[in-house]
Structures are given as structure tokens and as C-alpha cells.
Amino acid sequence: MNLLFSISDNFTEPLLTTLLSIRNNTKEESYVVYVLQKEELKDNKLIHKFCQQLQMEYKPIIIGKNIFQNAPASERWPESIYYRLLAHEFLPSDLDKILYLDADVLCINDLSFLYNKNINDYLYAASSHTRLEVTDTINRLRLGNRELKSYFNSGVLLMNLTLIRQEVKSETIYNFIKENHDFLLMPDQDVLNGLYGNQILPLPDELYNFDSRLPFLYEIMSQKEISYDWIMDNTVILHFCGKNKPWNESERSKFSVLYKHYYSQMKRVTNKITSK
């Protein structure tokens, strides 16, 4: 199973927590973890040793240059969020599929079914958090893609690298950013949806990109089928969207407590590594 992340130095512990949750809940025998990074991460040695403990292979990919220097960026939307859009230019040419994950997700059930999904006719597979048709209409107009059926979240992307290498070009992305600079609200997602939204296989978000902020909305819209018990039995990926992150000490929601369970396991492994 090929896994892809893109982080900066302040996201090492969330990355390790995500990896531990995957290893604990997915039965794959072999993992390769690729991490896109602008410069070599300060904790690369720790990440490498941590992956060894989990019997995963770690392969850092140093970008080494500002490939998106003219793209919208801020403290919340750092340059690194764009790296996934051109990941195929940096990954080994013999890879045909990879699963990109944000480092603020938690795997609570087996990832294998998602990873093995057939996406031969699509560039990506992803989930949408859009629940109101009016929002979809606004996004179609804002991004100039009138055929966009849903606005997809870029935090979980199953990538068909073979097809992406043929169709996703850096120049096209640069031009889109330049032409739509003032209208990009969530920059990397806007580029993904504006250019390639019609070539994305929809995935059910309640399974593969559950927005941890909205359990009651999921429950209401499913007519109470999606309960906390249902989530624990069926949801594969919990996504801690938004500013409030579960590793913050002040967070006390049910999902944050679940996250802290995996976080504490991660700390025990890292403490063991650093004490040697």
C-alpha cells in the first residue's frame, strides 16, 4: 500500500498518529510511506525509525524549490498544500496508484477496500462534504466548472497516477491559479475541483472522509442510521477538518478523545525510540 502525505515540521506528531492508526486497523503486509516536504524535515530520523517500528518503509521526497510561489498562501493554507497536485512529478515513475491523506485524519477501520477500489477511468477518487445543492451551484459558478457535480474535499485522494501523468499538467494548474487567484477560497481544493472535478470518482464521505465536526448532521440526514456505534463499525477515515485539532489539550469532543487514544500510543512508541 502506497501512502502519500505532505507536511511541514509542526505536523510530525499528527503524521505519526495517522500512520499508527492505519497500521493498527489495516491488514496490509507491506506499506511504503512517501512524504512530500519543501525542505528536509527536522524529524526525518524520528519518522524513519517510527516507520521501522511499524514495519513501514519511509521515503521522504524533498521538493527543494518554490513550485507554487505565486499561489495563494497563508498560515492556514501553507505552500505545502499544493504539493499533492503535482505529486506525480516527484513520485517514482513505476507507481500506478497512491493514497494521499491529510495528516489530520484518523483511520479507525480497514483501508484496504478503499485502496483496492478500481479507478481506472478516473484521475482520483474523493469525497464531498457538500450537503446543500445551493453550495454546489455557487462553486460551479465560482470555479467556472458548470459540469461540477460535487465539491470534493482534497484531504483524502486515491490517485490514479498512470492517468494523472497523462492529463494533469503543471502549466494548466499555474494558469488556473493565475486566472482565478482572487476567487480561490480553499486554494488546493478549488484547483482540484475547478480543473478535474469531472474526473473524480465520488466516495461516500460517511465512510472515507467523515467530517468530525458534523456527527449530528450525518445522523439527521441518515434518519438516525449513522450513530456513534455505526461510525465505529463502518467509518474508515475520520477527518478533523477546521481549525480545532484533536491533539490540542483543550479539545474534549468524543472524536477528540478517540484521537488522543491513538496519540498516546504514538507517544509511547516515540519515547521508546528517543530513549535509546
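Predicted model: local features only at pLDDT ≥ 70, side-chain atom pairs only at ≥ 80, totals over all residues.

Modeller: Residues are numbered from 1 along each chain as its sequence is written, and side-chain values use heavy atoms, with hydrogens and water left out.

Colleague: How many helices and strands does the chain have?

Modeller: Helices (H or I, at least four residues) and strands (E, at least two) are taken as DSSP runs, numbered from the N terminus. On that basis the chain has eleven helices and ten strands.

Colleague: What percentage of the residues in the chain is buried?

Modeller: Buried means under 20% relative accessible area, exposed over 50%, and partly exposed in between, with a 1.4 Å probe and protein chains only. Of the 276 residues in the chain, the buried share is 54%.

Colleague: Among contacts between residues at least 6 apart in sequence, what percentage joins residues at least 24 apart?

Modeller: A contact means heavy atoms within 4.5 Å. Among the contacts between residues at least 6 apart, the share joining residues at least 24 apart is 79%.

Colleague: How many salt bridges are found in the whole structure?

Modeller: A salt bridge is a side-chain nitrogen of Lys or Arg within 4 Å of a carboxyl oxygen of Asp or Glu. A search of the whole structure gives a total of six.

Colleague: How many residues apart in sequence are the parts tied together by glutamate 13 and lysine 267?

Modeller: The side chains of glutamate 13 and lysine 267 meet in a salt bridge at 2.8 Å, N to O. Because glutamate 13 lies in helix α1 (residues 12-25) and lysine 267 in helix α11 (residues 254-274), the pair ties together parts whose separation in sequence is 254 residues.

Colleague: Is glutamate 13 buried, partly exposed or exposed?

Modeller: The relative accessible area of glutamate 13 is 29%.

Colleague: Which residues are linked with Arg84 in a network of salt bridges?

Modeller: Arginine 84 forms a salt bridge with aspartate 188, the closest N and O atoms being 3.2 Å apart. Arginine 84 lies in the loop between β3 and β4 (97-101) and aspartate 188 in helix α7, so the pair ties together parts that are 104 residues apart in sequence. Both arginine 84 and aspartate 188 are buried. The network links Arg84 with Asp102 and Asp188.

Colleague: With which residue does lysine 245 form a salt bridge?

Modeller: The closest N and O atoms of this salt bridge are 2.6 Å apart.

Colleague: How many of the residues of α7 are buried?

Modeller: Helix α7 spans residues 187-196. Its buried residues include Pro187, Asp188, Leu192 and Tyr196, and proline 187 has a relative accessible area of 3%. Of the ten residues of α7, the number buried is nine.

Colleague: Which residues does valine 168 touch, not counting those up to four places away in sequence?

Modeller: Valine 168 is found in the loop between α5 (161-167) and α6 (170-180). At 1% relative accessibility, valine 168 counts as buried. The C-alpha atoms of valine 168 and histidine 88, 80 residues apart along the chain, are separated by 8.8 Å. The residues touched are Leu85, His88, Leu123, Tyr124, Ile173 and Tyr196.

Colleague: What is the phi of glutamine 55?

Modeller: Most residues other than glycine have a negative phi. Glutamine 55 is found in the loop between α2 and β3 (57-62), and counts as exposed at 59% relative accessibility. Its phi is positive, near 60°.

Colleague: What is the phi of glutamine 223?

Modeller: Glutamine 223 is in the loop between α9 and α10 (228-234). At 73% relative accessibility, glutamine 223 counts as exposed. Although glutamine 223 is not a glycine, its phi is positive, at about 55°.
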